[in-house]
Amino acid sequence: MAPDFQWRHGLCLDDKDNEVMGLDLNYSATACYRCFNLSTLVNHSCTWSTSDETRNHKRIKKTSMIDESSGSSSSLCNSLNSLPRLQFRDHVWVYTQRYLAIEAMEEAALAMMAGKDTEVKEEGNGDGMKLVQQLIACAEAVACRDKAHASALLSELRVNALVFGTSFQRVASCFVQGLSDRLALVQPLGAVGVVGSAAKSMAIASERDESLSLVYEICPQIQFGHFVANASILEAFEGESLVHVVDLGMTLGLPHGRQWHSLMQSLVNRSGKVPKRLKITGVGNCSERLGEIGDELKRYADGLKLNFEFLAVEKSLETLQAKDINVEDGEVLVMNSILELHCVVKESRGALNSVLQRLHQLSPNVVMLVEQDSSHNGPFFLGRFMEALHYYSAIFDSLDAMLPKYDTKRAKIEQFYFAEEIKNIVSCEGPARVERHERVDQWRRRMSRAGFQSVPIKMLMQAKQWLRKVQTCEGYTIIEEKGCLVLGWKSKPIIAASCWKCS
């Protein structure tokens with residue numbers, strides 16, 4: 001029987017959260033303390049209970065600390081009285097966030113182990129369970145800034161988390177890299193400050209570009225986004241003469257405008273009149289890359305005898321202004337964002353809202369939004385860690401079903417694309433953490449606050465037919481959820497596509 005691991009996430013919150021919230025950690029730790037029995041996950045069950053023994057131990061420890069510090073109690077009280085008083089709603093909000101973090105960890109652990117049940121049996125129940133326990137215990141030690149314990153666990157994990165092992169061993173190896181990077185930046189207990197950005201450089205551009213192209217060719221996620229977006233764009237362009245697409249992020253940085261090849265073909269081949277002009281504005285940070293894609297699209301449009309115009313805007317989404325987009329009278333304007341807007345989400349709640357409001361000023365007819373459907377932007381590190389572990393375990397499991405064990409393509413996809421996302425989620429904080437994926441419900445709230453109204457995507461049957469044509473293995477699913485289409489792997493949501501208009 002595997003040993004029980006106790007979760008101390010109530011005690012191990014990031015310092016930044018504690019400083020901002022100004023909570024009584026003794027009380028909140030006692031309230032949030034849980035005993036998490038990982039061994040029961042194999043049987044698809046999880047037990048959360050309050051430990052009376054632990055609470056009594058804390059009471060004794062607290063009494064001892066009060067006796068030792070009685071001489072300084074007067075100055076401490078004066079200092080505490082000078083702090084601003086928190087309102088009741090502040091405490092409600094804080095404990096709600098903590099409850100959601102606990103709930104996310106519980107659900108992620110249950111679903112992850114349920115999905116890995118077959119694999120754990122093949123590996124041997126003990127070995128698979130031990131790897132999960134070590135990985136989560138290491139994340140807890142890193143969160144608690146226990147460098148000695150975390151370093152010891154990382155040494156064991158590096159032996160067991162193999163790059164060419166089972167799908168969970170491979171995904172574990174990526175999380176080990178992220179935890180190692182985060183641990184290197186962790187300050188000792190009592191120090192002021194929070195974890196900074198990762199010191200190690202990201203994958204070099206050539207490897208990143210190659211892995212991105214492989215993801216597009218082999219995995220259905222990006223193709224799914226392109227298919228749903230193009231279908232909605234074609235519907236908006238029906239019967240129009242002057243059509244304009246603004247590509248936010250210019251097709252993810254893919255070396256070719258593959259999404260727009262398909263759109264051009266559909267515009268030319270469908271019944272009815274062909275638009276007098278198709279204009280695409282590409283937004284991105286690299287003018288050279290934008291120019292190359294624009295030239296390639298122009299040649300492709302000439303081959304189809306389609307009147308085409310390409311404009312490049314060398315700006316980031318944060319600095320993009322409405323005046324940077326040249327919109328002419330009579331144009332039907334469509335905004336297209338494929339896995340881009342989550343990078344604009346910051347700790348400040350107004351960062352993304354400012355970008356969305358500037359886009360709203362252009363009064364687009366349609367805004368297509370495709371994003372990862374997972375909660376990797378929560379306020380607590382352990383909650384984000386568990387959610388990411390669940391999410392990427394499903395992705396690595398799908399790669400296991402599509403490609404052979406020692407396929408170099410799969411290794412490149414995992415180590416140079418998904419591993420970079422994992423390391424960013426796990427090891428980075430502040431502006432350096434850009435992989436801030438959120439669930440579709442959260443995007444629905446964000447878009448509504450910015451003045452956009454949801455447009456239901458009514459093409460579930462067409463999407464399922466498309467999936468049957470392109471998928472290389474069984475396991476992928478497409479469902480409709482509140483007007484959005486969600487691509488998943490064995491019931492785990494992976495990518496969500498939604499459509500919006502100005503309200």
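The legends below describe close-up views of one predicted protein model. Residues are numbered from 1 along each chain as its sequence is written, and side-chain values use heavy atoms, with hydrogens and water left out. Because the model is predicted, local features need pLDDT of at least 70 and side-chain atom pairs count only at pLDDT 80 or more, while totals for chains, interfaces and linings use all residues.

View 1. Helices (H or I, at least four residues) and strands (E, at least two) are DSSP runs, numbered from the N terminus. Of the 503 residues in the chain, 51% are buried; buried means under 20% relative accessible area, exposed means over 50%, and partly exposed lies in between (1.4 Å probe, protein chains only). Contact means heavy atoms within 4.5 Å. Among contacts between residues at least 6 apart in sequence, 78% join residues at least 24 apart.

**View 2. Helix H9 (residues 167-185) packs on helix H15 (residues 381-402).** The angle is about 145° and the axes are 8 Å apart. Axes are lines fitted to C-alpha atoms, for helices over the stretch in contact, and angles run from 0 to 180 degrees between N-to-C directions. The crossing of H9 and H15 is right-handed; a crossing is right-handed if the near helix is turned clockwise from the far one by less than a right angle, and left-handed if anticlockwise. Residues of H9 in the contact include Phe168, Val171, Phe175 and Arg182, and those of H15 include Phe381, Phe385, Leu389 and Phe396. By class, the contact of H9 with H15 has eleven nonpolar, two polar and five charged residues. Ala, Val, Leu, Ile, Met, Phe, Trp, Tyr, Cys and Pro count as nonpolar, Asp, Glu, Lys and Arg as charged, and the others, Gly among them, as polar.

**View 3. The charged end of Arg182 sits over the ring of Phe381.** The distance to the ring centre is 4.0 Å. A charge sits over a ring if NZ of Lys or CZ of Arg is within 6 Å of the ring centre and within 35 degrees of the ring normal.

**View 4. Tyr391, Tyr392, Tyr417 and Phe418 are linked into a cluster by ring pairs.** A search of the whole structure finds nine aromatic pairs. The rings of Tyr417 and Phe418 have centres 5.0 Å apart and planes at 85°, so this pair is edge-to-face. Rings of Phe, Tyr and Trp (its six-membered ring) pair if their centres lie within 6.5 Å; planes under 30 degrees apart count as stacked, over 60 as edge-to-face and the rest as tilted. Both Tyr417 and Phe418 are buried.

**View 5. Lys492 lies in strand E12 (residues 492-502).** Lys492 counts as buried because its relative accessibility is 8%. Leaving aside residues up to four places away in sequence, Lys492 touches Ser374, Glu387, His390, Tyr391, Ala394, Arg439 and Leu487.

**View 6. Helix H11 (residues 220-236) and helix H12 (residues 258-269) cross at roughly 35°.** Their axes come within 10 Å, and the crossing is right-handed. The contact includes His226, Ile233 and Leu234 of H11 with Trp260, Leu263 and Leu267 of H12. The contact of H11 with H12 has six nonpolar, five polar and no charged residues.
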